[in-house]
Amino acid sequence: MTLKRTLLASTCATFGLTGAAFAAAHAEAPPSANDDVLKIGLVYTLSGPAAALGEQARNGFMLFAEQNEMLGGMETEIIVVDDELRPDLASDKARELVARDAVDFVVGPIFSNVLIAIHRPVTETGTVLISTNAGTSNFAGAECNPNFFVTSYQNDQNHEVMGAYAESQGYQNVFLMAPNYQAGKDSLAGFKNSYTGGIAGEVFTELGQLDFSSELAQIAAFQPDALFTFMPGGMGVNLVKQYDQAGLSSIPFLSAFTVDETTLPATQDAAVGLLGGANWAPDMDNAANEAFVSAYIEKYGAVPGTYAMQAYDAAQLIHSAVEKLGGDLTDRAALRAALTEADFDSPRGDFAFGKNQFPIQDFYVVEAVKRDDGFYGTSIREQVFDDYVDNYADACEME
């Protein structure tokens, strides 16, 4: 396999994966400039404090692409776009990927506000959008779309895990904190879906906030039974460090996407023992996962997180569907049907699509640990939900 990288003027990178070629064309979407090439656009946050999340997702997708040389047996071109966590920029780039680059699939993004910005520009053309992280409640329910698939979760679900855990621990006074955007709102809604106790306080911070001294002072004053928070990327790194420095370790720290493989290299011992909700952890005991984690560590020198795993599965999903169709993507209904079959082995184990094309999967409480290999990562502590369908699927009218 030959892998080439070219920097483009629009802060993109193009990866060409060479292999056998055959015809592929769109019926509903614009035809590719080169019908012999499968074209995929990746839209991820690759700069700023949240870059580690997008880098993991990009790396996870590229790992499978490079392992298999061709996706679905086709010569494959992958265009990587940095959305810079700017919905307006992401929308423009998504339109360029569809209209100018004539991609067959758009994959990404990390953040829900970016997903909302790119969803219509991609799906209204008939191009398939596969989200490997963001999974907002509206697109899981009444606004579900036949051209939209999700390989991650519905935003509420990992937070529901921690709500159920708090309920099981008998907590009656939990302080809630999340950034003020759609995923933050979904996170607290998810926690409340499975938690019936009292709320000590509820705070929405600015997205990208890095100084939590005011919020930590409130937590210290309220002395809640526990804190539940959603703070991804650099926000989570700073919050965990400041929580530790503020001497609040006696108050249980519950989270989702705050203590994970993207933040643990920076927080290290300050985060060990903290709990989170997740659909997977690197120590899942199955052959597909062992192969994925081992290959990721060997290539990137880091432990993969859910962002990487879910993007790896998106690459597997595309590969399986295109291969099943023999590379003929002209029948869009057949393509969507092939994607819906999800004919691949996920590192997370159980995986199937519900009628809203969001995953049906298991969920766990995970714990931050220092691994035997010296890396920091998360580890399965207990399973909370089995084959869990999100709460919005019934509102989706797709058959």
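## Basis

The model is predicted; local features need pLDDT of at least 70, side-chain atom pairs count only at pLDDT 80 or more, and totals for chains, interfaces and linings use all residues. Residues are numbered from 1 along each chain as its sequence is written, and side-chain values use heavy atoms, with hydrogens and water left out.

## Overall form

The chain has 12 helices and 15 strands (DSSP runs numbered from the N terminus: H or I of at least four residues for helices, E of at least two for strands). Its radius of gyration, taken over C-alpha atoms, is 20 Å, close to the 21 Å from the globule rule for 399 residues, so the chain is as compact as a globular protein of that length. That rule is 2.2 Å times the number of residues to the power 0.38. The C-alpha trace spans about 65 × 45 × 40 Å along its principal axes.

## Domains

## Interface

Contact (heavy atoms within 4.5 Å) involves 16 residues of domain 1 and 14 residues of domain 2. About 1,300 Å² is buried between the domains, 66% of it from carbon and sulfur atoms; buried area is the accessible area (1.4 Å probe) lost when two parts are put together, summed over both. On the domain 1 side, the elements that give two or more residues are α1 (51-68), α3 (112-123) and α11 (306-324).
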